[in-house]
Amino acid sequence: MIKMQDLKKDFTVRVKAGRLRRTKRVVPAVDGISLHIDRGEMVGYIGPNGAGKSTTLKMLTGVLMPSSGEVSVCGLAPVPQRTRLALRIGVVFGQRSQLWWDLPLRESFGMLRHIYRVPADEHAARLRRCRSLLDLDEFLDTPVRQLSLGQRMRGELTAALLHGPEVLFLDEPTIGLDVVSKQAVRAFLADLGASGDVTLVLTTHDLADIERLCERLVVIDHGRVVHDGTIEALHARYGSRRSLVADLERPLPEGFSLPGAILTAVEAGRHRATFALESASAGAAVAALVSAVGVRDLSVLEPDIEDVVARLYTSTDVP
Amino acid sequence: MGELRAYRALFGAQARSVLMYRTSFLVELLGNMGATVFDVLTVLVLFRAAPQVGGFTLAEAVLTVGLSSAGFALADMLVGNVDRLKVYVRAGTLDAVLVRPLPALPQLLLMDLPLRKALRVVFGFVVLGGALAINDIDWTPARIALVAVTPLAAAAFFGSIFVISATMAFWWVDSGEIGAAFTYGGRDFTSYPITVYGPWFRGLFAYTLGFAFVAYQPALALLGRTDPLGLPALAGYLSPLVALPAVIIAAGVWRTGIRHYRSTGS
């Protein structure tokens, strides 16, 4: 569905060097990305600010011309075949509106039907579905400029789907939304992805979006792919471990060690201990702990993806 | 067919958006006409000082102004707003236009179509009509065709200049008012018989860039006057041939420009 081969985009920046002199500097925003995305996949695209996420998305949607490399979406070359491609993809830019500022949503949707040349019955069926799933009815007749951000985003999503796109690109779809709106958007996208007809590519800074929606996670930094795989694979690769937190019957002896786990913290007068689990199963460690000091209560915590990603962003040299 | 309906929908949205602010629309409509009225008044005032300017009488000069302002007003309403492109380029809002299944330029023009400039067009054609009435024109089929074609060719010519100058924003976000020298400057240039200009200036604007063929030469052909500068009568009929390359160049520049679009962060 989507193919990128050694895709690059350079920007030329003129930097002041003295009173009148300017020096040119070439900044690679996207520096050789190769990815294949199949039909029906849901791919989350993350990376720190300026990593090249949006630039990549813009090259995929035909907004920006790549500096070099190959790219095809739905078998089309995005920039030369931009208008044909536009009929087959949907785009939501979280910070740019597709809607008409002064017109009610209902009219914007009507206009999009003409712009995308969608048969009236198909259009009506899709709109009906979005109206019920995204609760649009209460603000369908309000001019877009008077909508709240959450309402507008629900409108944008609908607008991007009315022509039945094969691929949906979302650039930070949950940015600035409150918790309830975020959940509404995520639930809607999860539902859409579950149907399997739509390929979904989204960029985000909110990792909860990814955990909720995407099987596949692509992390980019400095214009390069630094990880491509599942969230679990990311954890495995960067050594993030589940942790075992136990409230103990008796205080933990000095120099205590547990098979397959590393002690990371001791609190409450040595009555609470936290271990990082090295193996996939917690059973052996728990059994050893119970027999050694007795356990009053315990919990196993999943690794925090935020931590992994934060480490990924700050490390300049990625293994 | 489908595209036509799409364009009509875009136009409809623009019209409805504008009519949401009815009073301000009316004020702008009248205010805009004022600007064109002044252009014509300037020419009238000039002729208060001298009965003939550059070898032309007032009535003949008004014909030149009429042809020029009818064509310019038409181009200004239909294409003039393309100069807002630099705002879109700076803000990155062109993205939204580029992800729709329509060519970008017609979309931009229709999205911002300044209906407030409609009365300017009307006024331009009224001046042209008046000029045709006060001059003693020997009407032949060729001249009738000439009157019909000249404002359209002029509009295409000015429109191309609008597009070319606006497209500079893709390379040079601060392109500012340089383009105005050629758009509004070009209109002012064509409002007078070109005999009033000095030779090198005339050589550049009138013949190299082609502004002479927009209004001056057609006016001569309509009046049946021989060109004091020596071009044959046929030159009056060349405006479509000047407009066509201008349109082709503008389309090429636009196409190149849009591939240089850099958008903005996020």
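Two strands pair if DSSP finds at least two bridges between them. The views below show a predicted model.

**View 1. An open sheet of three strands in chain A.** The strand order is 2-1-4, and the pairing is antiparallel. Strand 2 (22-37) and strand 4 (68-73) of chain A stand at the edges. Each has a single partner strand, so one side of each is left without a neighbour in the sheet. On average, neighbouring strands of this sheet are turned by 30° against each other, direction ignored. Strand 1 (residues 2-16) and strand 2 of chain A are joined by 13 bridges.

**View 2. Strand 5 of chain A, covered on both faces.** Ile89(A), Val91(A) and Phe93(A) lie on one side of the strand, Gly90(A) and Val92(A) on the other, and all are buried. With five of its five residues buried, strand 5 of chain A is therefore largely enclosed by the rest of the structure. Five bridges connect strand 5 to strand 6 (residues 167-171) of chain A, and the two run parallel. Val91(A) has Phe169(A) as its bridge partner in strand 6 of chain A.

**View 3. Phe169(A) and the nonpolar cores.** The largest nonpolar core has 138 residues. Phe169(A), Ala154(B) and Phe157(B) touch the most other members. Helix 3 of chain B gives the largest share of this core, 12 residues. A second, separate core has 10 residues, including Leu248(A), Leu258(A), Ala273(A) and Leu277(A). Beyond its neighbours within four places in sequence, Phe169(A) is in contact with Leu57(A), Leu60(A), Thr61(A), Ile89(A), Val91(A) and Val201(A).

**View 4. Lys53(A) in helix 1 of chain A.** This lysine is found in helix 1 of chain A. Lys53(A) counts as buried because it has 26 C-beta neighbours inside 10 Å, and the cut-off for buried is 20 or more. Leaving aside neighbours within four places in sequence, Lys53(A) is in contact with Tyr45(A), Gly47(A), Thr203(A) and Ile220(A). Gln151(A) is 98 residues apart from Lys53(A) along the chain, and their C-alpha atoms are separated by 25 Å.

**View 5. Where chain A meets chain B.** In this contact, 27 residues of chain A touch 24 residues of chain B. Helix 1 (53-60), helix 2 (82-86), strand 5 (89-93) and helix 3 (105-115) of chain A each supply at least two residues to the chain A side. That side has 14 nonpolar, eight polar and five charged residues.

**View 6. Helix 1 against helix 6 in chain B.** The axes of helix 1 (residues 2-19) and helix 6 (residues 104-111) of chain B come within 8 Å. They cross at roughly 25°, which means that the two helices of chain B are roughly parallel. Tyr7(B), Leu10(B), Phe11(B) and Gln14(B) of helix 1 meet Pro106(B), Gln107(B), Leu110(B) and Met111(B) of helix 6. By class, the residues of this contact are six nonpolar, two polar and no charged.

**View 7. Helix 11 of chain B, a buried helix.** Eight of the eight residues of helix 11 (residues 216-223) of chain B are buried, so the helix is largely enclosed by the rest of the structure. Among them are Tyr216(B), Gln217(B) and Pro218(B). The cover over the buried residues of helix 11 includes helix 3 (58-78), helix 8 (141-167), helix 9 (178-190) and helix 12 (239-259) of chain B. Gly224(B) follows helix 11 of chain B, and its phi is positive, near 75°.

Definitions and conventions: Residues numbered from 1 in each chain as written. Chains lettered and ligands numbered in written order. Predicted model: local features only at pLDDT ≥ 70, side-chain atom pairs only at ≥ 80, totals over all residues. Buried ≥ 20, exposed ≤ 12 C-beta atoms within 10 Å, placed from the backbone. Helix = DSSP H or I, 4+ residues; strand = E, 2+ residues; numbered from the N terminus. Contact = placed C-beta atoms within 7 Å. Core = buried A, V, L, I, M, F, W, Y, C linked by C-beta atoms within 7 Å. Nonpolar A, V, L, I, M, F, W, Y, C, P; charged D, E, K, R; others polar. Axes fitted to C-alpha atoms, helices over the stretch in contact; angles between N-to-C directions. Parallel < 35°, antiparallel > 145°, perpendicular 65-115°, else oblique.
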